[in-house]
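This report describes how one protein structure is packed and held together. Please examine the sequence and the structure shown below, and keep them in view while reading.

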Amino acid sequence: MSKNKAKIIGITVLTSTMLLSGCGLFNTEVQKKIDPPKTVTVKDEPVSKVTTAKDKEAAQNTVKTELYLIDKDGYVVPQTLALPKTTSVAKQALEYLVANGPVTDLLPNDFRAVLPEDTEISVNINKDNGVATVNFSKEFKNYQPQDEQKILQSVTWTLTQFNNIKSVKLKMNGHDLTEMPVGGTPISENLSRATGINIDTTDVADITNTKPVTVYYIGGEEGSYYYVPVTRRISNTEKDNYAAVIKELIQGPSEKSTLVSEFMSDVKLLEAPKYENGTLTLNFNKNIYDSFKDKEISQSLLDTLVLSLTEQQGVEKVAVEVEGKVDIKNDQGKKVSEPVTRPEKVNTGSF
C-alpha cells in the first residue's frame with residue numbers, strides 16, 4: 001500500500017453537483033472506508049433536496065461561488081458557497097474573503113477568511129485583456145506576514161474562476177502594489193494561476209530549471225475531506241506534462257504534508273497519454289483498480305485525476321482506459337465509459 005493512501009482511514013469527499021458534461025463522477029457526496037490492501041466500500045448519500053417554497057426561493061436567489069479559504073493546516077482551498085445573486089460577482093467574491101465579514105456564518109469548520117477585517121475593495125475588469133485591477137483600502141495591510149503568499153493565491157484563484165478574468169493586478173489606496181506591504185513578498189504585474197498555489201518545492205535543488213504543474217490531493221479529516229490544489233515543480237526537460245501530472249499523483253505529497261493521494265505506487269501508464277481535440281486519453285495498468293475482483297476504480301481517484309489534468313491548458317475531458325478497455329466502472333458501480341469534464345465548482349456540500 002502506498003504511504004499516501006495508507007493515511008486514509010475513512011474518507012468523505014465533497015465534490016461538485018454541477019457538471020458541464022460527462023458521466024457524472026462529481027455529482028455525489030461520497031463516503032469511503034478503505035481496508036488494506038485495496039478494499040473500498042462506498043455509500044451514496046443523496047444531496048439534500050429543496051423541500052419548501054422558502055428553500056426554493058433561497059436557491060433561486062443565490063449563486064454557487066468558489067472562495068479560496070485557508071484550512072487549519074494552512075492550505076489555500078476552494079470551497080463552494082451559495083452567495084446572494086449580484087451583478088458584481090468578482091467584487092462580491094473578494095468581499096466574502098474578508099475576516100469577520102459576510103462569510104462568517106458560511107465558513108466551513110476549521111476554515112478562515114484570508115483578508116484582514118474591515119478591508120474595503122473595488123474591482124475594475126478590463127474587458128479587452130481580462131485583467132482585474134483590485135484596489136484595497138488601507139486595512140489590507142493588517143495581516144500576519146506568514147499569510148502573504150496565501151493572500152496572493154486566494155485573491156488570484158478566487159477571481160480567475162470567472163471566465164472574463166485571466167489575471168489580477170493589485171493596488172492599495174489607489175497605488176500600485178509591487179510587493180506586499182508587510183513582509184515585502186514581490187508581486188508580479190499581472191497575477192495568474194500560472195503563479196501556482198500551495199507551492200511545494202520539496203526536494204527541488206534548482207528551481208530555475210523547473211516548471212510548475214498543479215495537482216489535486218486530499219485534505220481534511222474523516223467526515224469532511226476535500227480536494228486541495230498543490231503546485232509541484234518538475235524538470236524543464238520533462239516533455240510530457242500529462243505524464244508528469246500522473247507521476248506526481250502517484251508519488252503523492254511530501255512526507256511532511258498532511259495531504260494524501262488515492263494513487264497506489266504500483267499504478268502505471270501503459271502508453272503515453274493521447275490528446276485530441278480537448279480530450280486526453282489515458283491507458284493504465286490494472287493496479288489502478290481499487291478492487292481487482294470487481295474491476296472498480298475509486299471515484300475519488302478519478303476525481304483527482306480529472307481535476308489535475310484539466311488544469312493543463314487545452315484539456316477539457318479525460319478518458320480512462322484499463323489495459324486498453326473502456327468498459328470500466330467506478331466504486332459505486334457506475335460506468336465510466338465516456339470522457340469526463342471538470343466540474344464547474346469544486347468542494348461543494350454541507351459541513
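The expected span of a helix is 1.5 Å times one less than its number of residues. Helices (H or I, at least four residues) and strands (E, at least two) are DSSP runs, numbered from the N terminus. The model is predicted, so local features need pLDDT of at least 70 and side-chain atom pairs count only at pLDDT 80 or more, while totals for chains, interfaces and linings use all residues. Residues are numbered from 1 along each chain as its sequence is written, and side-chain values use heavy atoms, with hydrogens and water left out.

## Helix α3

Helix α3 covers residues 148–159. At 1.5 Å a residue, its twelve residues should span 16 Å, and the end C-alpha atoms are 17 Å apart, which agrees.

Is this helix enclosed or open? Ten of the twelve residues of α3 are buried, so the helix is largely enclosed by the rest of the structure. Here, buried means under 20% relative accessible area, exposed means over 50%, and partly exposed lies in between (1.4 Å probe, protein chains only). Among the buried residues of α3 are E148, I151, Q153 and W157. The buried residues of this helix pack against β4 (62–71), β5 (76–84), α2 (89–95), β8 (131–136), β9 (167–172) and β11 (210–221).

Q153 gives a detailed example from helix α3. This residue counts as buried because its relative accessibility is 8%. Not counting residues up to four places away in sequence, Q153 touches V76, G196, I197, N198 and I199, where contact means heavy atoms within 4.5 Å.

## Nonpolar cores

In soluble globular proteins, nonpolar side chains tend to be buried together. A nonpolar core is a set of buried Ala, Val, Leu, Ile, Met, Phe, Trp, Tyr and Cys residues joined through side-chain atoms within 4.5 Å. The largest such core in this model has 72 residues, of which L115, L170 and L305 touch the most other members. Helix α4 (residues 241–251) gives the most to this core, with six residues.

Which residues does L305 contact, leaving aside its neighbours within four places in sequence? The partners of L305 are I246, L249, F263, L282, F284, V318 and V320. A second, separate core holds eleven residues, including W157, I197, I218 and L307.

## A buried threonine in a loop

T310 is found in the loop between α5 (299–309) and β16 (317–322). With 12% relative accessibility, T310 counts as buried. Its side chain reaches the backbone oxygen of V306 at 2.6 Å; a polar contact is a pair of N or O atoms within 3.5 Å, and within protein one must be able to donate a hydrogen and the other to accept it, while residues adjacent in sequence count only if both atoms are side-chain atoms. T310 also touches V315, E316 and R342, not counting residues up to four places away in sequence.

## Aromatic pairs

A pair of aromatic rings is described by the distance of the centres and the angle of the planes. Rings of Phe, Tyr and Trp (its six-membered ring) pair if their centres lie within 6.5 Å; planes under 30 degrees apart count as stacked, over 60 as edge-to-face and the rest as tilted. A search of the whole structure finds five aromatic pairs. One of them is stacked: F136 and F140 lie 4.1 Å apart centre to centre, with 5° between the planes. F140 also pairs with Y143 in a tilted arrangement, at 5.8 Å centre to centre and 55° between the planes. F136, F140 and Y143 form one aromatic cluster. Relative accessible areas of 1% for F136, 0% for F140 and 8% for Y143 place each of these residues in the buried class.

## Salt bridges

The structure holds eleven salt bridges. A salt bridge is a side-chain nitrogen of Lys or Arg within 4 Å of a carboxyl oxygen of Asp or Glu. Some of them are listed here.

| Salt bridge | Closest N to O distance |
|---|---|
| D73 and K72 | 3.6 Å |
| R232 and D200 | 3.4 Å |

R232 lies in strand β12 (residues 224–235) and D200 in the loop between β10 (175–176) and β11, so this pair ties together parts that are 32 residues apart in sequence. R232 is buried at 5% relative accessibility, and D200 is buried at 12%. By contrast, D73 is partly exposed at 34%, as is K72 at 45%. K72, D73 and E221 are linked in a network of salt bridges.
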